[in-house]
Amino acid sequence: MKPPVALVAGATALALIAIAPAVLPDFYVTLLNYIALSSMVSLGLVLLTGVGGLTSFGQAAFVGLGAYTTAVLTTKYGVSPWFTLAIGLAITTAVALFLGFLTLRLSGHYLPLSTIAWGISLYFLFGNLEVLGGQTGLSGLPALELAGLKLDSGGSFYYLIWVVLLLSMLGVRNLLDSRVGRAIRALKRGSLMAEAFGVDTARVKVVIFLIAALLAALSGWLYAHLLRFVNPSPFGINIGIEYLFMAVIGGASQVWGAIVGAGLLTLLKEWLQDWLPKILGNSGNFEMIVFGVLMVLLLQRARDGVLPMFERLIPAGTGPVGPPAPAAALLNRPRPEAGELLLEVRKAEKRFGGLVAVNELSFSMRSGEILGLIGPNGAGKSTMFNLITGVLPTTSGEIQFRGQRLDGLASREIVRFGIARTFQHVHLIPNMSVLDNVALGAHLRGTHGVLAAAMRNNRREEARLRFEAARQLERVGLGNHLHDQAGSLPLGQQRILEIARALCADPVLLLLDEPGAGLRYMEKEALAGLLRKLRSEGISVLLVEHDMDLVMNLVDRLVVMEFGQKLAEGVPSAIQADPRVLEAYLGGVA
Ligand code: ADP
Ligand code: MG
């Protein structure tokens, strides 16, 4: 069997990194040290910005925090550098949590702007505090000692920096390949879908912000002991911008992109500083101008960074194939008795300004039912779904599930009751596999967090979650697409994917918003078969659907809505004969 290309490439890269100090001149070893230190910061940004979609220009300030903490404590108080590392990380944690809680609630351009603001504040703090040595900085930091070895040269430091970097990369990669990782990857598309499956998106944002800050501080600590001198200039906002460039240029959503970007930018700047004066003379700072132009060109040519260009060279079909290995089934929640009162909506109302989208609507649902919610476009069906699942707060009225109030709860709390849904406009992560997208639905059925994931202590649970996802995909008929990118499926199948994802949440009540849209006749038949089977297993379904053939042959009862109000309610045969319904709704169709 041929080893996979990625493995060969990885092993070659590792071998090159290992022999570099032995074969390269000192100058290049120093350069490689700087590349690794920058990679660590840009790795944090790959996680925060590339994957999580949160832009920070202020990472250099965290590097400074790590560097200055150790500089002050080792030179002024004689503290051991290993101890100052712990203190630096603790201070960074405190600052990052404070800034994170303050700024991560901001959206759009407010977040990047606020990172610029605190990036500048911290920079000026470094330069103006007497104890930090002002603009001159602090010198005379002790060399690090490791197992009796004094790391007082670039060559001896090299292995420490690279081992720390590679371990960090491995940790981030493991994290992304986990339950929390799927939640992180969902952030970029807004919080709606992730919250509907129980993810506390605000918390996940703080977590990746903290990880990025800690990686930066770790880089700062190493930097300080490599140079054994610190001053404010490497921690300014312009350097913060460079870190962001590195992450974006490399290929912002991939771990290896961090090194590629940092390497490219560091080498580029070095070469420009060497060669430009020879071509253009020493009269000006041309390198920054040329550097800027090159960045613009690169971003124009390679939107997703340069890493995807290399990946195109890798032959297709090297990814995973076949279903995941069988694993112990996840526990299911107890299903209610058939006929038990499940959902009760009492005079629910939703106003959008002057528009009453749902107007004092009341209906109830018993366990084991498929209830159809129909009505013309704009009748308020999707809004009703959003009220039940907590996506929108009710203006007034009450919604109860098995005797407990739902209105007023957040959607991530409502899913815990066993209420899962699909969306009329699909919400999935297009560049993630079908299997991973569906596994996100089982978020609440796992418990392992960031540390377990980074250290790969989560593999047994992860296998169970993925096996469950594969099982549900098999069940809805997407078993042949496990490893396809979700975005590559036709829209109709993306809706079916959403059903599998909802089933992964182990629901008692399933809310499906137009699941048949975009499906062909045979696929609709299969869908009807699936919903009947779910009903026989004790899963109740609330269904919004426009295809009347599908609805009338499937549902037990119907609620008809018009202009936010209930027009009629009853079994399909009665609804089909109801003159008001024929007038208002079916009349137009017939
Ligand atoms: P349906 O799903 O039955 O087609 P919707 O529930 O999507 O209808 O919409 C009902 C009404 O509420 C429509 O007039 C729609 O324009 C309005 N509406 C829905 N969501 C919002 C919103 N977030 N803000 C303002 N108006 C909305
Ligand atoms: Mg709708």
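This report describes a predicted model of a protein chain with its ligands, moving from the whole chain to the ligand sites and then to single residues.

## The chain as a whole

The predicted chain has 590 residues, of which 51% count as buried, and its secondary structure comes to 23 helices and 14 strands. Taken along the principal axes, the C-alpha atoms fill a box of roughly 90 × 60 × 50 Å.

The accessible surface of the protein chain comes to about 26400 Å², and carbon and sulfur atoms account for 61% of that area. When contacts between residues at least 6 apart in sequence are considered, 74% of them join residues that are at least 24 apart.

## The shell around ligand 1

Oxygen atoms of ligand 1 take part in polar contacts with both backbone and side-chain atoms of the protein. On the backbone side, a polar atom of alanine 379 lies 3.2 Å from an oxygen atom of the ligand, while a backbone N or O atom of glycine 380 is found 2.9 Å from an oxygen atom of ligand 1. On the side-chain side, threonine 383 places a polar atom 2.5 Å from a ligand oxygen. Ligand 1 taken alone exposes 570 Å², and the protein buries 60% of that area.

## The magnesium ion

The magnesium ion, ligand 2, is coordinated by the OG atom of Ser382 and the OE1 atom of Gln424, at 2.1 Å. These two residues link distant parts of the chain, 42 residues apart, with serine 382 in helix α14 and glutamine 424 in the loop between β10 (419-421) and α16 (434-439).

Tryptophan 118 lies in helix α5 (residues 110-128) and counts as buried because its relative accessibility is 7%. Leaving aside its neighbours within four places in sequence, tryptophan 118 is in contact with Ser56, Gly58, Gln59, Ala61, Phe62, Leu99, Thr103 and Phe209.

Valine 206 counts as buried because its relative accessibility is 10%; apart from neighbours within four places in sequence, valine 206 is in contact with Leu97, Phe101 and Leu104. Valine 206 and tryptophan 275 are 69 residues apart in sequence, and their C-alpha atoms are 43 Å apart in space. Threonine 201, with 6% relative accessibility, is also counted as buried, and its contacts, again leaving aside neighbours within four places in sequence, are with Leu187, Ser191, Ala194 and Glu195.

Where in the chain is lysine 347 placed? Lysine 347 lies in strand β5 (residues 341-352), and although it is not a glycine, it has a positive phi of about 50 degrees.

Aspartate 506 is another residue other than glycine with a positive phi, here near 55 degrees. The place of aspartate 506 is in the loop between α19 (491-504) and β11 (509-513), and this residue counts as buried because its relative accessible area is 4%, where buried means under 20%.

Technical notes. Residues are numbered from 1 along each chain as its sequence is written. Chains are lettered from A and ligands numbered from 1 in the order in which they are written. This is a predicted model: local features need pLDDT of at least 70, side-chain atom pairs count only at pLDDT 80 or more; totals for chains, interfaces and linings use all residues. Side-chain values use heavy atoms; hydrogens and water are left out. A polar contact is a pair of N or O atoms within 3.5 Å; within protein, one must be able to donate a hydrogen and the other to accept it, and residues adjacent in sequence count only if both atoms are side-chain atoms. Accessible areas come from the Shrake-Rupley method with a 1.4 Å probe; for residues, only the protein chains shown count as cover. Buried means under 20% relative accessible area, exposed over 50%, partly exposed in between (1.4 Å probe, protein chains only). Contact means heavy atoms within 4.5 Å. Donors are N, O and S atoms within 2.8 Å of the metal (3.2 Å for Na, K and Ca); water is not among the atoms, so sites may look incomplete. Helices (H or I, at least four residues) and strands (E, at least two) are DSSP runs, numbered from the N terminus.
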